[in-house]
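User: Can you walk me through this one? Keep it short, please.
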Amino acid sequence: FFPFIPIDGLLHTHSFLASVPMQYPALMDRLVSTTAHKPLSRTRSEPLPPTHATPTQLTLQQHHTRPLDRLTQHAPLSQMAGKPRLGQILSEDMDPEEESADSEARERDTDREREKERERDRERDRERGLRRVDPPSITMKESQREQRQLSQAITMPVPIIFSSTHRPLGRAQSSPASTSYPVPDTTVPSPVTTEMTSKLRFTTGLVYDSQMLKHQCTCGDNSSHPEHAGRIQSIWSRLQERGLRSQCETIRGRKATLEELQSVHSEKHVLLFGTNPLNRLKIDRCKITGLLSQRMFVMLPCGGLGVDSDTVWNEMHTSTASRMAAGSVTDLALKVAQGELRNGFAVVRPPGHHATHSQPMGFCFFNSVAIAAKQLQQKLNVSKILIVDWDVHHGNGTQEVFYDDPSILYISLHRYDDGTFFPGTGGPEEVGIGAGVGFNVNMAWTGGLNPPMGDAEYLAAFRTVVMPIAHEFSPDVVLVSSGFDAVEGHSEALGGYRVSAKCFGFLTRKLMELAGGRLILALEGGHDLTAICDASEVCVSTLLGKELEPLSQEVLQQRPCANAVCSLRRVIQVQSQYWRSVSVLAHTVDQSYLQAQRRDSASDAVSALASLSVAVLNTNR
Ligand code: Q9C
Ligand code: ZN
């Protein structure tokens with residue numbers, strides 16, 4: 001029974017668990033030891049096991065319709081958005097939310113920072129003479145929440161209509177922002193609307209919650225687990241130290257509801273990984289016991305438990321932390337989309353982009369960004385959402401969830417190396433399926449670390465692939481799976497790339513051009529603390545509209561390396577079938593940023609001259 005000691009220990013340290021003994025034997029039955037056959041060097045990148053293999057059906061289908069044409073052939077997009085699969089499970093009463101149990105846990109942990117924050121909120125409200133309305137509680141019934149949102153919508157200072165009308169391809173390219181509605185100008189707040197609507201300043205929103213710190217391996221040793229609590233703690237402190245937090249609005253995090261989780265994940269997945277022994281007590285006993293016996297865990301060499309060698313499981317805290325991450329990203333995105341906040345940055349963990357419909361992996365349990373996107377569509381009728389994923393790993397989960405969905409454009413930049421780098425998916429030929437063909441873009445880098453990709457390569461990719469396609473798509477909201485593991489400072493195994501933190505500020509600035517600035521960054525991977533703190537700081541400064549320290553002349557004059565040019569050409573070859581704007585720039589892929597800029601202004605000059613001569617001709621005539 002040696003391998004079961006950690007669980008046994010858990011049982012004894014939490015005596016209240018004695019009332020649910022039945023769940024554990026089932027769990028133990030499924031424990032398998034991987035120590036024998038699975039080397040745990042997380043430094044090795046390995047291809048994905050067959051179950052996560054690259055989708056096969058989708059290679060280069062020649063389509064005659066371009067993506068945006070297809071997008072509008074289908075009636076209202078809001079109808080195409082995945083329907084909530086309610087009725088599969090429960091209503092909120094199956095998730096009674098450890099009101100007693102959780103507060104018990106909180107008391108034990110005396111979460112001072114959180115209390116201080118609340119007190120500060122209350123003070124601020126008193127100053128403004130506002131009565132604090134608590135955010136939608138987790139126990140609030142869906143109907144009440146909808147009612148609340150409805151009344152919020154009614155009192156919005158600017159009416160926001162997301163259902164956008166189609167733009168012809170040619171025009172979309174030249175449209176600077178997005179489709180359908182103006183950004184509320186709250187720099188001149190109307191006294192009526194400020195009081196009636198939100199207590200938030202129209203600035204960058206931040207979200208963080210200490211409950212996400214508790215997702216920790218039961219071995220208690222971070223050194224074998226790079227995705228540890230110190231990551232978000234460090235970022236949160238850095239934002240405080242640099243005086244950025246006070247310039248932003250911090251919103252309170254919340255746990256995603258089981259219904260919200262089910263907009264992306266299966267009922268089974270949600271029940272297995274979104275519940276803990278306490279809130280499970282209130283869930284239909286037969287249902288959960290049957291399911292729990294199907295859970296597969298591995299015994300890790302460190303003595304802890306995991307769903308795989310990367311993805312540790314803490315029976316008491318993982319579900320809460322990962323639901324907090326998903327709910328916090330979702331709430332931040334909803335507030336940005338509703339015009340309550342200008343843009344946002346979510347300091348969350350565990351990450352989400354590897355989590356699929358029914359499989360946790362690669363540190364991820366719930367796909368926070370995918371859930372936020374679905375919620376924007378379901379709760380606010382947002383039509384078109386762009387998800388940019390600049391984590392060094394491919395977001396296989398996000399790709400899978402939206403693979404047939406033309407309303408959500410997924411663009412990922414990642415180390416691919418012909419499928420040998422984790423998770424093994426994300427080849428340039430994976431373009432989507434059915435109505436979703438052309439709405440999945442994999443800027444897949446191949447060529448190993450010869451040399452490692454850096455600023456010049458990411459700038460070239462943004463210039464020739466990401467931004468042209470993004471403008472042509474013309475999203476209503478942009479979500480970023482913002483892993484910082486491509487930032488210099490990461491070992492070869494967890495990336496090995498050398499993008500500067502500053503460069504991520506630059507890329508953020510580019511994305512702010514889209515969707516009227518409605519941009520939400522959510523932390524995914526990255527474990528070098530200096531790297532992720534630097535990058536977070538730069539990105540938040542940029543979101544606040546601060547002037548960026550310019551990139552060095554050297555970087556701006558550097559051409560992308562040969563392997564990057566090959567990778568870019570492949571992506572452009574594939575995607576130019578679907579996006580007109582990509583063909584236009586194809587011949588410039590090997591140019592430096594400055595070279596391309598000169599060409600650009602030269603061609604501007606040519607067209608300016610051309611139109612001038614036309615004007616002269618017309619006048620003469
Ligand atoms: N066992 C994120 O950055 N490790 N996840 C590969 C194979 C996987 C990274 C070693 C790293 C997952 C969100
Ligand atoms: Zn990653």
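**Ligand and sheet**

Analyst: A nitrogen atom of ligand 1 is 3.2 Å from a polar backbone atom of G362. That is a polar contact, meaning a pair of N or O atoms within 3.5 Å; within protein, one must be able to donate a hydrogen and the other to accept it, and residues adjacent in sequence count only if both atoms are side-chain atoms.

User: What should I know about the model and the numbering?
Analyst: This is a predicted model: local features need pLDDT of at least 70, side-chain atom pairs count only at pLDDT 80 or more, and totals for chains, interfaces and linings use all residues. Residues are numbered from 1 along each chain as its sequence is written, chains are lettered from A and ligands numbered from 1 in the order in which they are written, and side-chain values use heavy atoms, with hydrogens and water left out.

User: Back to ligand 1. Which residues come nearest?
Analyst: D310, H354, G362, H393 and D485, of the 14 residues around ligand 1. Here, near means that a heavy atom of the residue lies within 4 Å.

User: How far is the side chain of D310 from the nitrogen atom?
Analyst: An N or O atom in the D310 side chain is 3.1 Å from a nitrogen atom of ligand 1. For H393, a polar side-chain atom lies 3.2 Å from an oxygen atom of the ligand.

User: New topic. What is the order of the strands in the open sheet?
Analyst: The order is β3-β2-β6-β11-β10-β7-β8-β9, with parallel pairing. Strands are DSSP runs of E, at least two residues, and helices are runs of H or I, at least four; both are numbered from the N terminus. Two strands pair if DSSP finds at least two bridges between them.

User: Which strands are at the edge?
Analyst: β3 (249-252) and β9, since each pairs on one side only.

User: What does β8 pair with?
Analyst: β7 (residues 385-389) is joined to β8 by five bridges, in parallel. L386 has L409 as its bridge partner. From β7 the chain crosses through helix α17 (residues 396-401) to β8, a right-handed β-α-β crossover. Right-handed means the path runs clockwise from the first strand over the helix to the second, with the strands pointing away from the viewer. β8 also pairs with β9 (residues 440-445), parallel, over six bridges.

User: Is β8 (residues 408-415) mostly covered or exposed?
Analyst: Mostly covered: eight of its eight residues are buried. Buried means under 20% relative accessible area, exposed over 50%, partly exposed in between (1.4 Å probe, protein chains only). One side has I408, Y410, S412 and H414, and the other has L409, I411, L413 and R415.
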